[in-house]
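Subject: Structure handover and notes

Dear colleague,

I am passing on the structure we spoke about, together with notes on what was found in it. Please look it over before reading on.

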Amino acid sequence: MTEEDEPEVIRDRRKKLERLRAAAIDPYSRGFKPTHSTAAAKALLGDGERTEPVAVAGRLMVKRLMGGSAFADLQDEAGRLQLFASREILGERDFDLFADLDAGDLIGAKGPIFRTRRGEVTLEIHSFQLLTKSLRPLPEKWHGLKDVEIRYRQRYVDLIANPEVRDVFRARTKIIAGLRNLLDQAGFLEVETPVLQEVPGGGHARPFVTHHEALSRDLFLRIALELHLKRLLVGGFERVYEIGRVFRNEGLSPRHNPEFTMLECYEAYADYNDVMRLVEDMVVTATAAAGRSANTRYQGEEINLAPPFRRERMADLVLERTGRQAVGKELNDLFEEYVQPNLREPTFVTDYPIEISPLARRRDDDPRFVERFELVILGREYANAFTELTDPIDQRQRFEAQAAQRAAGDVEAHPMDEDFLRAVEYGLPPCGGLGVGIDRLVMLLTDQPSIRDVILFPVMKAES
RNA sequence: GCCGGCGUAGCUCAGCCUGGUAGAGCAGCGGUCUUUUAAACCGAGGGUCCGGGGUUCGAGUCCCCGCGCCGGCACCA
């Protein structure tokens with residue numbers, strides 16, 4: 001868009017910018033150091049009548065001009081503070097400059113905090129400085145920004161106009177920090193493993209393909225963290241975890257973004273029963289980190305997140321619901337269609353069919369099933385875990401079975417990974433492994449309906 | 001990929017069914033106003049009605065194609 005095509009409101013701002021420059025005012029200045037956040041400045045007043053001068057900085061949100069005085073709301077990361085400007089205090093020139101500021105401008109202001117007649121805690125401006133001139137109008141002050149397309153494409157505007165959105169992302173960070181702390185305290189070592197991989201394994205998904213020019217070879221973006229973390233157990237680390245982005249070349253939905261965050265952890269000498277207890281601890285920790293109680297709601301539905309969680313065998317749940325004694329993929333299909341949507345309270349669904357679990361250990365008492373569970377809450381999966389398969393002969397056979405499916409056209413069947421097999425042949429200690437979908441957990445704990453609401457910059461189609 | 005809904009001023013939305021010169025509030029601009037807070041009041045502006053095609057004397061409105069967003073399905077352990 002050329003400047004001539006721009007909306008009038010933006011053209012007006014550009015003109016204003018030129019007027020400022022002509023008046024020798026730097027519209028992109030620096031050097032202002034706030035002494036207080038808006039919240040700290042408010043707290044400083046307490047029950048008093050007036051404070052020493054403080055310096056605050058932030059974005060001007062609303063302006064209310066009243067002849068020789070003016071009020072404005074200043075928004076910083078901590079909140080909002082009302083500013084009061086008067087011609088008497090600022091003088092003719094500075095008052096006019098202040099009155100000419102726009103909603104959206106970033107400014108710094110100095111002065112004492114006082115309370116207006118109506119009781120509003122307010123900074124009386126003794127001096128101010130334009131820090132950054134804004135050229136684009138903010139969304140409407142009352143209705144805010146509702147257009148979800150703009151909210152996702154221009155998250156920066158969303159964050160300005162809808163400060164509560166920031167709370168969601170603060171909660172996201174706290175949840176992740178809480179989980180990290182839990183694992184650290186439990187003796188897990190946080191590691192980083194390759195995003196670019198020759199063989200995209202550890203999950204059941206179509207990968208993204210990319211190309212390395214110097215190596216003249218295609219590489220894949222990882223779809224899971226599993227196989228490298230298990231290699232580290234072979235290497236002698238006994239408890240490892242990674243929180244990282246994985247990529248799946250699949251459709252988008254309110255529950256699927258092509259890149260999302262997984263937490264995976266692996267613990268030597270543990271089995272899936274140990275992992276269930278760990279998952280319960282994780283849910284407790286994450287719930288607290290998000291500032292929620294165990295008794296909470298998601299999208300209007302009550303849910304109790306207090307452990308212990310139900311533990312039910314998949315085959316039992318399917319039999320109970322459908323009266324059918326299925327095995328293999330059929331069992332899983334029946335489960336997903338008839339059982340899972342109806343599992344509302346937190347439930348560990350255990351003992352999956354071996355056909356769909358190429359990396360999990362067989363049950364000793366029934367080789368048609370593996371020691372695997374998923375945590376289902378409100379019909380959705382939040383965690384997937386198993387007692388890991390450590391037998392390299394069995395592992396090779398599982399991969400070969402997957403390769404046969406791949407040859408039959410299943411692009412998502414697990415690929416053969418010879419290096420992983422080699423590692424397992426050196427000896428993978430008995431272990432339990434876990435994957436947690438962080439985004440969905442954050443959705444649950446922040447009561448957000450779409451995964452796009454917990455990802456700062458969700459994948460969107462090209463803007464036309 | 002399929003089905004449905006939506007797309008109008010910077011923002012929030014009417015107008016579309018039933019075709020007849022494009023509206024409101026907020027924001028912006030000009031003015032009045034020195035403790036307001038969705039400030040108030042007066043005035044003048046601002047539009048590729050998502051894009052393209054069609055029907056019609058006439059299309060924001062009806063039809064077709066495309067694009068984007070949302071939801072559902074498919075897919076997704």
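The notes below take up helix packing, then individual residues, then the cysteines.

The model is a predicted one, in which local features need pLDDT of at least 70 and side-chain atom pairs count only at pLDDT 80 or more, while totals for chains, interfaces and linings use all residues. Residues are numbered from 1 along each chain as its sequence is written, chains are lettered from A and ligands numbered from 1 in the order in which they are written, and side-chain values use heavy atoms, with hydrogens and water left out.

Helix packing

Two packed helices are described by the angle between their axes and the distance between the axes. Helices (H or I, at least four residues) and strands (E, at least two) are DSSP runs, numbered from the N terminus. Axes are lines fitted to C-alpha atoms, for helices over the stretch in contact, and angles run from 0 to 180 degrees between N-to-C directions.

Helix H6, residues 163-185, and helix H13, residues 438-446, have axes that come within 10 Å and cross at roughly 120 degrees. The two helices are therefore oblique to each other, given that angles under 35 degrees count as roughly parallel, over 145 as roughly antiparallel, 65 to 115 as roughly perpendicular and the rest as oblique. H6 passes H13 in a right-handed crossing, where a crossing is left-handed if the near helix is turned anticlockwise from the far one by less than a right angle, and right-handed if clockwise. On the H6 side the contact (heavy atoms within 4.5 Å) is made by Val 168, Ala 171, Arg 172, Ile 175, Ile 176 and Leu 179, and on the H13 side by Ile 438, Asp 439, Leu 441, Val 442, Leu 445 and Thr 446. Sorted by class, this contact of H6 with H13 has nine nonpolar, one polar and two charged residues; here Ala, Val, Leu, Ile, Met, Phe, Trp, Tyr, Cys and Pro count as nonpolar, Asp, Glu, Lys and Arg as charged, and the others, Gly among them, as polar.

Helix H9 (residues 314-322) packs with helix H10 (residues 328-339) at an angle of about 60 degrees, their axes being 9 Å apart, and that makes H9 oblique to H10. The crossing of H9 and H10 is left-handed. Its contact residues are Met 314, Ala 315, Leu 317, Val 318, Arg 321 and Thr 322 of H9, together with Leu 331, Asn 332, Leu 334, Phe 335, Tyr 338 and Val 339 of H10, and by class they comprise nine nonpolar, two polar and one charged residues.

In helix H7 (residues 226-235), the residues Glu 226, Leu 227, Leu 229, Lys 230, Arg 231 and Leu 233 are buried, a term that means under 20% relative accessible area, with exposed being over 50% and partly exposed in between (1.4 Å probe, protein chains only). These buried residues of H7 pack against strand S12 (239-247), strand S13 (259-268), S19, helix H12 (418-427) and strand S20 (431-437). Just after H7, Gly 236 takes a positive phi of about 115 degrees.

Individual residues

Ala 383 lies in strand S19 (residues 380-387) and is buried, with a relative accessible area of 4%. Not counting residues up to four places away in sequence, Ala 383 touches Val 279, Phe 373, Glu 374, Leu 375, Leu 434, Gly 435 and Val 436.

Arg 363 sits in the loop between strand S17 (347-353) and strand S18 (369-377) and is also buried, at 19% relative accessible area. With neighbours within four places in sequence left aside, Arg 363 is in contact with Tyr 272, Asp 351, Phe 369, Val 370 and Glu 371.

Most residues other than glycine have a negative phi, and most peptide bonds are trans. Ala 24, in the loop between helix H1 (8-22) and helix H2 (38-45), has a positive phi of about 65 degrees and counts as exposed at 70% relative accessibility. Leu 378, in the loop between S18 and S19, has a positive phi near 50 degrees and is buried at 8%. The peptide bond from Pro 307 to Pro 308 is cis, with omega near 0 degrees, and Pro 308 belongs to the loop between strand S15 (301-304) and strand S16 (310-313).

Cysteines

The structure holds zero disulfides, a disulfide being a pair of cysteine sulfur atoms within 2.5 Å. The sulfur of Cys 265 is 11 Å from the closest cysteine sulfur, in Cys 431, which is too far for a bond. Cys 265 counts as buried at 3% relative accessibility, and Cys 431 counts as buried at 1%.
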